[in-house]
Amino acid sequence: MKISFVSNYAVSKALSYQLTSLQNDLMKAQQEVSSGKYADVGLALGARTGQVVALDRDIERLEGLQVSNGLVSARIDVTSTALTRLTTQADSLMSALNVGGNGNTTEVLRAAGKTALETLTGVLNSSHNGEYIFSGVNTDVQPITDYFAPGAANKAAFDQAFEDHFGFPRTDPQTKDITADEMTTFLDGPVQDIFFGPGWQEDWSKATDEGVTNRIGLNETAETTLSANMDGVRKLAMASTIVADLLDGSLSSGAQDAVISHARSLVGESVADINQSTARLGLVDKRIDDANERMKMQVDIFKTSLGNLQNVDSYEASTRVNNLLAQIETSYALTTRIQRLSLLNYL
Amino acid sequence: MSLTTALGIAQRSLLSTGRQTGVVSQNISNAQNPDYSRRSAVLISSAPGARTVEILRATNASLFRNGLSALSAFSGQAALLDGVQSLTRSVNGVENQGSASILIGKLQQALQSYQTTPSNENLGGNVVESARQIVKSLNEGSAAIQQFRGQMDQEIKTSVSELNDLLARFEQANRAVVNATQSKGDASDWLDERDALLKKISAIVPVSTITRGNNDMVLTTQNGVTLFETVPRTVSFEAIPAYSADAVGNGVFIDGVPLAAGFGSNTDAAGSLAAKLQLRDDVAKTMQGQLDEIARGLISSFAETGPDGTLTPLAGLFTWPGGPDLPPAGTITPGLAGSIQINAAVDPTAGGDVNKLRDGGINGAAYVVNTSGASYSALIQKYSENLDKPMTFAPGAGLGENTSVTDFANGAISWLEQTRQQATNAAEAKNALLMQTSQALSNETGVNIDEELSLLLQYEQAYQASARLIKAVDEMLATLLNAVE
């Protein structure tokens, strides 16, 4: 009976088993040192691997949101610039009207009205990235019909309203006989209907009232465009249309004054309305900035926790590599010495 | 006592030393053979002055049994780990990059950029392409799982025929052992052969051994089913040519009794056969169920419900052969992951109209939601929200029943990685145990060349002494004969 017996097979098997497991560890440790992450994240984290995938995905998603918010912000900037052009144009029409009240020629006023209407049409029909920015949701269609284009529906509707109200066409000499009161009734009635009634959507604008709604944060949406149907635009359009169309010298001076004073009050109101819309848009822009800021912070937090989950301490890992190398070298040395150790050498 | 007697004893001593040296050389030549048990040639005195050599084979029955059960446990665990690793690679790709979870994230991003500019058809096409990637991943994952089940089935078949073959060889070895024991011959070589066969058998199925008279051995499985008694019992199995998601594999029968599949990621399966049954019927099937539920979650997240959300929900972006109706809720539809597809009505490459994704109406005019214009984004946002909204999943998938499809897909990864982690840890532990027991057994029954050499020195000396004795007796007899002359 031998208490401490060792078989040659067990000795060589133990040596090779230890070497393979050491080499396996070394390979993993090396990979961890170079990548800074666990060599096999799934194996290291087990059930928490899903968290890593979720964090990865959320980070990409939040970064994607910030990119798309950049696009939305750019559109808002373009819209704000357009609104500024509108108010500038409204201001110059206003000053022309103020001067016009003091005996300016109707021709100058009419030109100012025409410029205003053309600018308005141009600005509202401007596009960004292939989308008409003032079309509401209907962004693939130009919102405003050009009043001065041949056969324009809005011009025709205006002339028709004139004829229906006064009983004679726009070109009739009787136009001269329209009094200031009659003109005021016309402007407050049929013309008002054209711009603020169903006629606006029929002949003037193809835009929808609602704007484009965008997701600006994970759980946050905002309406980020303006519509050509907003009151400020309608008022400015009405003011510039009546000035451009009616002040062609065919009216009596009383009727002309009625038109001018009507236009003046409309332009005043429109500037206030447009400024209000600009302010509202500014608020949305601010919300987007805030959302971006929040998402950046979230991404930072997510990246930190992702790091906590899957990163290894590279200092610890490189120490481990060194230890393993030393261990393997010892093991090699030991193997040769043990293999050399045989009674055969002494017989 | 006479000189002749002395000569006779010295002669016999030479003979037994010869036999002992033979045993030493056999031991040395098998020093690296793991299945070899050390022999020792022991001198036994039978009658006064008479010595015979008897050959003893080193054994340790309890260590050997421990070794067999450690081998069964390790081989079962290793088979399970191997299967889980292969499933991880083929279903989720390298570092899970091809998993449904990651691809749903990409779809979310595509939806996000589409909702920013809904009038841009290219972005809509991008959503459809992202969806196609998910469909591809699910289809391929499902196919890989079914192929894996088929492969397991084939491996089970191979193992079963190998087992039958091993049992037949075991019968031969056992019979030879019994015969040798009965005729008081040396059974050592056959015993080595029989032990080696036992190791191979217990890597496939766990065995308990009972030794009867004349060294006859009876084999049973752990739960008492006879595997071998005088003659081998049949192990039968029938493979299925191709697997579909709802196919149920056949069982393995030992002597008519079904073999139980393993359970758990630190599996209780002993032997590779039970582990392969577990992979085929439990692990792969659960994974298939999870993929099917992900597919169902996607189909219902993108379902159309009409402008007021009150119409019968019908399949939208994602559909299946049973569409446009949705797959039944709260239960697994086997094979759904393999048959989920992109709805041709929105697929530009199949002549569909991407804008229907934005406007609704995939299922006819009644389902049209957008009547205002090209930049309508509410429906796209709803789809994106639906992916994050909790829904009811089948309890059979084992991942929680009330969660969003995104989290569910994540859960599937967690489940698989957890299984892999536990299986790896268990395999390491079981391997260590196997190493330890086989080392202990080898230390009990293996050969140490140094010892054999020192024995050889002893025998050499004994031989020299005997030879010297013969020479001395010869000289004495010569002296006597010379004196007579």
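The charged end of which residue sits over the ring of Phe148(A)? It is that of Lys114(A), 5.2 Å from the ring centre; a charge counts as over a ring if NZ of Lys or CZ of Arg is within 6 Å of the ring centre and within 35 degrees of the ring normal.

This is a predicted model, where local features need pLDDT of at least 70, side-chain atom pairs count only at pLDDT 80 or more, and totals for chains, interfaces and linings use all residues. Residues are numbered from 1 along each chain as its sequence is written, chains are lettered from A and ligands numbered from 1 in the order written, and side-chain values use heavy atoms, without hydrogens and water.

**Exercise 1.** Classify the ring pair of Phe302(B) and Tyr383(B).

*Solution.* 
1. Rings of Phe, Tyr and Trp (its six-membered ring) pair if their centres lie within 6.5 Å; planes under 30 degrees apart are stacked, over 60 edge-to-face, the rest tilted.
2. Here the centres are 5.0 Å apart and the planes at 35 degrees, so the pair is tilted.
3. Phe302(B) lies in the loop between helix 6 and strand 10 (318-319) of chain B and Tyr383(B) in helix 9 of chain B, so the pair ties together parts 81 residues apart in sequence. Helices (H or I, at least four residues) and strands (E, at least two) are DSSP runs, numbered from the N terminus.

**Exercise 2.** Describe the pair of Phe162(A) and Phe168(A).

*Solution.* 
1. The pair is edge-to-face, at 6.0 Å centre to centre and 75 degrees between the planes.
2. Arg170(A) lies over the face of Phe162(A), 5.5 Å from the ring centre.

**Exercise 3.** Find the aromatic cluster that includes Phe148(A).

*Solution.* Phe148(A) forms one cluster with Tyr147(A), Phe195(A), Trp200(A) and Trp204(A).
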